[in-house]
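Here is a friendly walk through one protein model, written to be read with the viewer open.

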Amino acid sequence: MASTTHPRFGFWAVALSFTTAMAFTTVPTPLWSLYAQRDRFSSFTVTIAFAAYAVAVALSLFFAGHLSDWHGRRRVLMPALALEILASLLFLVWPSLTGLLVARVLSGLGIGVVTATATAWLSELHGPGSRHAQNVATAANLGGLGLGALISGALAQWAGDALRLPFLLFTAALSVAWLALLAAAETRAPRSPRPRYRPQRVSVPPHARRRFFAAAFGAAITFAVFGLLTSLAPTFLARTLHQPSHALAGAVTFTAFATAALAQTLAASRTPQQLVAVAIPALLAGLGLLTIAVWLPAPSLGVFLAGDLIVGAGSGLMFKGAIATVSEISSQEHRAEALAGIFLAAYLGLAGPVIGLGALTQAASMRVSLLVFAALLAVGLLAATPALLGRRPPLRLATTTASQWRQQPDSAG
């Protein structure tokens with residue numbers, strides 16, 4: 001169906017739908033502690049619910065992320081957004097632990113398709129290679145993830161009915177976003193004859209596999225950090241830092257994602273090596289501050305928030321560097337397939353390490369668990385550094401990048 005509305009309205013309709021869907025996925029973040037109190041389950045159960053979502057996203061990307069190339073953007077995005085609406089309704093009508101798990105899985109299955117399809121649709125609506133479309137997609141993705149937790153936390157703190165009101169609001173918002181998609185012009189006609197189904201492929205040139213796997217590892221570490229901030233960070237705030245505010249828990253998540261999105265936008269013209277060279281020390285410093293905050297004799301919220309800001313910026317730059325690296329080393333005909341591999345690695349990183357952290361909290365204190373988690377991520381990051389930086393000597397690059405960063409103009413090319 002062709003749209004007769006203004007193309008710009010259609011572009012922003014897709015952006016609205018993308019943002020709303022991503023925001024919905026972090027609505028439960030400030031609420032997990034309330035669910036845990038109500039049903040008396042552990043922090044490990046929280047990580048299982050979180051990991052169920054991440055695995056569902058990875059499966060969705062692998063099996064359905066490419067289907068809009070064959071069937072059209074709207075025909076795929078609208079059913080995917082409908083899954084988010086269904087998940088929101090399940091949070092309302094089936095609030096037991098089983099219902100929460102089913103809702104999270106449905107949400108993950110929808111988001112894998114939403115991410116791939118909405119990003120492609122925005123690019124096509126604004127024109128191939130549009131820097132503006134890339135920036136809007138970044139803001140919708142990372143900004144939306146932060147916005148959902150912020151809204152949910154504020155409602156839980158000050159509006160009451162914390163386990164229902166956020167989902168009532170987002171059921172309505174997702175429904176409006178679903179209807180808004182009717183205003184967007186279809187940019188990809190269904191293929192005829194219809195291709196035989198196959199899962200998404202991951203294709204990487206043989207000579208670039210070392211850099212690809214390093215980029216995939218960097219993406220996995222980035223999303224492992226995001227997983228910490230969207231699953232167990234509220235627990236650390238409440239139990240270790242003695243800050244049980246739901247609004248604060250939502251604000252911590254929002255700050256990390258907003259900082260990541262801002263860092264990506266400001267670094268739009270940087271090379272992959274420059275992005276990674278700044279991201280690595282930022283991630284190490286941020287993880288260090290998060291850990292120090294809970295190990296001080298008097299645990300410090302200020303230090304924790306500083307770590308949250310820095311690790312958010314580092315994560316945004318690392319992920320952008322990983323995407324840019326793959327775009328640089330892959331051929332045009334296989335670029336989408338190579339990028340699919342990066343997203344799969346990222347969402348597996350979102351699930352695996354956080355499950356490990358949740359299991360560790362059952363055997364050790366929260367402080368020890370965070371220390372081990374941060375140390376393992378730091379070791380992995382340092383081990384991958386040479387490959388992430390390409391063939392240049394890491395020490396030389398680290399010392400020259402700062403001057404290059406200052407000298408290079410900030411305007412997007």
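## A loop residue with positive phi

R40 sits in the loop between α2 (32–39) and α3. Helices here are DSSP runs of H or I with at least four residues, strands are runs of E with at least two, and both are numbered from the N terminus. R40 is not a glycine, yet it has a positive phi of about 60 degrees. Is R40 buried or exposed? With a relative accessibility of 79%, R40 counts as exposed, because exposed means over 50% relative accessible area, buried means under 20%, and partly exposed lies in between (1.4 Å probe, protein chains only).

Before going further, a word on the ground rules. This is a predicted model, so local features need pLDDT of at least 70 and side-chain atom pairs count only at pLDDT 80 or more, while totals for chains, interfaces and linings use all residues. Residues are numbered from 1 along each chain as its sequence is written, and side-chain values use heavy atoms, with hydrogens and water left out.

At 48% relative accessibility, D161 counts as partly exposed.

The side chain of D161 also meets that of R164 in a salt bridge, at 4.0 Å from N to O. A salt bridge here is a side-chain nitrogen of Lys or Arg within 4 Å of a carboxyl oxygen of Asp or Glu. R164 is partly exposed too, with a relative accessible area of 37%.

## A salt-bridge network

How many salt bridges does the structure hold? There are seven. Salt bridges that share partners join D69, R73, E124 and R188 into one network.

Within this group, D69 pairs with R73, and their closest N and O atoms are 2.7 Å apart. D69 is partly exposed at 26% relative accessible area, whereas R73 counts as buried at 2%. E124 pairs with R188, with 3.2 Å between the closest N and O atoms. That pair links distant parts of the chain: E124 belongs to helix α6, R188 to the loop between α8 and α9 (209–231), and the two are 64 residues apart. E124 counts as partly exposed at 26% relative accessibility, and R188 counts as partly exposed at 26%.

## A cis peptide bond

The loop between α8 and α9 also holds P193. S192 and P193 are joined by a cis peptide bond, with omega at about 0 degrees.

## How α1 packs

Two packed helices are described by the angle between their axes and the distance between the axes. Helix α1 (residues 7–25) and helix α8 (residues 165–180) have axes that come within 9 Å and cross at roughly 155 degrees. Axes are lines fitted to C-alpha atoms, for helices over the stretch in contact, and the angles run from 0 to 180 degrees between N-to-C directions. α1 and α8 are therefore roughly antiparallel to each other; angles over 145 degrees count that way, under 35 as roughly parallel, 65 to 115 as roughly perpendicular and the rest as oblique.

α1 passes α8 in a left-handed crossing, a term used if the near helix is turned anticlockwise from the far one by less than a right angle, with clockwise making it right-handed. α1 also packs with α6, at an angle of about 155 degrees and with the axes 9 Å apart. This makes α1 roughly antiparallel to α6. The crossing of α1 and α6 is left-handed.

## A nonpolar surface patch

Which residues form the nonpolar patch on the surface? They are V55, L59, F63, V105, L109 and Y197, with about 480 Å² of accessible area together. The elements giving two or more residues to the patch are α3 (43–64) and α6 (97–126). The largest share, three residues, comes from α3.

Patches are made of residues with over 30% relative accessible area and no salt bridge, joining like charges within 9 Å and nonpolar side chains (Val, Leu, Ile, Met, Phe, Trp, Tyr) within 5 Å. Accessible areas come from the Shrake-Rupley method with a 1.4 Å probe, and for residues only the protein chains shown count as cover. L59 lies in helix α3 and counts as partly exposed at 42% relative accessibility.

## Along α7

A133 is found in helix α7 (residues 131–158). At 2% relative accessibility, A133 counts as buried. The C-alpha atoms of A133 and G160 are separated by 38 Å, and the two residues are 27 apart along the chain.
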